[in-house]
Amino acid sequence: MRKIYFICFLFTLNNAFAQKKEKLNPITVYEKVWQERNSDARLKLIKTIWLDDSTFEDPSASIKGSVALNNVINEFYKKNPDAILSSGSKVVKDNYVSWDWKILDSKNKLIMAGRDFARLNGKGQVSKIIGFWDQEVTLSEAEILQNLEADNYKVVAKYYECLFKTKDFTAMATVIEEGAIYNQAEGLPYGGKYVGFSEWTKMYAKSAEFFDLEIEKEPVYFSDASKNEVIIYFTIKCKAKKSGKTMSVPISEHFDLKNGKITAIRPFYFDTKQFAEFLKSKK
């Protein structure tokens, strides 16, 4: 008997899930509508879930019909061409569905957020949607740190590209804070503390007197966004100009950043003493 009850319970549960999924289908399509950038393709999609008397209301619009909804979305993308929409979990009750949403730009900056309420007609179509805007919403701390991490990675990647690939010191200077500090290991022929980008360039020139290099392994990036730090790990292959010998050197570089610029760099060589001897060695 218990087995029969359990089977009935599972059947009821599966039926409930199926009904919820069926109710959510027009909302899933509605969200795809907002993500579609092509106006003609979007209108076709709208018509699969939208009736002639279906309505949409939010603080910026009050409209009826498929074409009107499509025009609202067209106007939205004219103002926010790089908008990216995301939404939270759905709450379903009878023929009503509600959910939170956020709109970010391509740099993950918050444009707007709010909550939508949808009334369904029970036949796979939307009868009405009312959108409420949350003027007080902000990104969560995790989202802020994630954005900061992404921005910091871009700054460090630009520095790395300018130094090792393009040799473009003019572009590099744009990501270096005035008075930034570069600490090279004292045991190296060009070791010491260099303050300001003009001093950095002198250090680069001095190091170039001792070796040529090529990238053997591209960098792996690590970060602690809460501390505005980025660490990269990579490997260079060096050729000493005095001896002609070659050597692979694993390096990690620690970057401090502030307001989108590098304020300090400290490189760590796998074996600084061995590397220094390699640079000074003669044929």
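This note walks through some features of the structure above, point by point.

1. **Ground rules.** This is a predicted model, in which local features need pLDDT of at least 70 and side-chain atom pairs count only at pLDDT 80 or more, while totals for chains, interfaces and linings use all residues. Residues are numbered from 1 along each chain as its sequence is written, and side-chain values use heavy atoms, with hydrogens and water left out.

2. **The chain as a whole.** You will find seven helices and 13 strands in the chain; helices (H or I, at least four residues) and strands (E, at least two) are DSSP runs, numbered from the N terminus. The radius of gyration is 29 Å, whereas a compact globule of 283 residues would have one near 19 Å. That radius is taken over C-alpha atoms, and the globule rule is 2.2 Å times the number of residues to the power 0.38. Along the principal axes, the C-alpha atoms fill a box of roughly 85 × 60 × 35 Å.

3. **Burial and contacts.** Of the 283 residues, 37% count as buried (buried means under 20% relative accessible area, exposed over 50%, partly exposed in between, with a 1.4 Å probe and protein chains only). Take the contacts between residues at least 6 apart in sequence: 48% of them join residues at least 24 apart. Contact here means heavy atoms within 4.5 Å.

4. **A pair of helices.** Helix 2 (residues 39-47) packs with helix 3 (residues 66-79) at an angle of about 140°, and their axes are 9 Å apart. That angle makes helix 2 oblique to helix 3. Axes are lines fitted to C-alpha atoms, for helices over the stretch in contact, and angles run from 0 to 180 degrees between N-to-C directions; under 35 degrees counts as roughly parallel, over 145 as roughly antiparallel, 65 to 115 as roughly perpendicular and the rest as oblique. To find the contact yourself, look for residues including Leu-43 and Ile-46 of helix 2 and Ile-73 and Tyr-77 of helix 3.

5. **Cys-238, tucked in a strand.** Cys-238 belongs to strand 11 (residues 229-240). It counts as buried because its relative accessibility is 1%. Leaving aside neighbours within four places in sequence, its contacts include Phe-211, Met-247, Phe-275 and Phe-278.

6. **Glu-31, a charged residue in helix 1.** Glu-31 sits in helix 1 (residues 2-35). With a relative accessible area of 18%, Glu-31 is buried. Beyond its neighbours within four places in sequence, Glu-31 is in contact with Ser-87, Lys-90 and Trp-99.

7. **Asn-183 in strand 8.** Look for Asn-183 in strand 8 (residues 176-184). Not counting residues up to four places away in sequence, Asn-183 touches Gly-192, Lys-193, Ile-265, Arg-266 and Pro-267.

8. **Two loop residues to look up.** Phe-270 is in the loop between strand 13 (261-269) and helix 7 (272-280). Phe-270 counts as exposed because its relative accessibility is 68%. Lys-167, in the loop between helix 4 (141-166) and helix 5 (169-173), is exposed with a relative accessible area of 53%. Phi of Lys-167 is near 60°, a positive value in a residue other than glycine.
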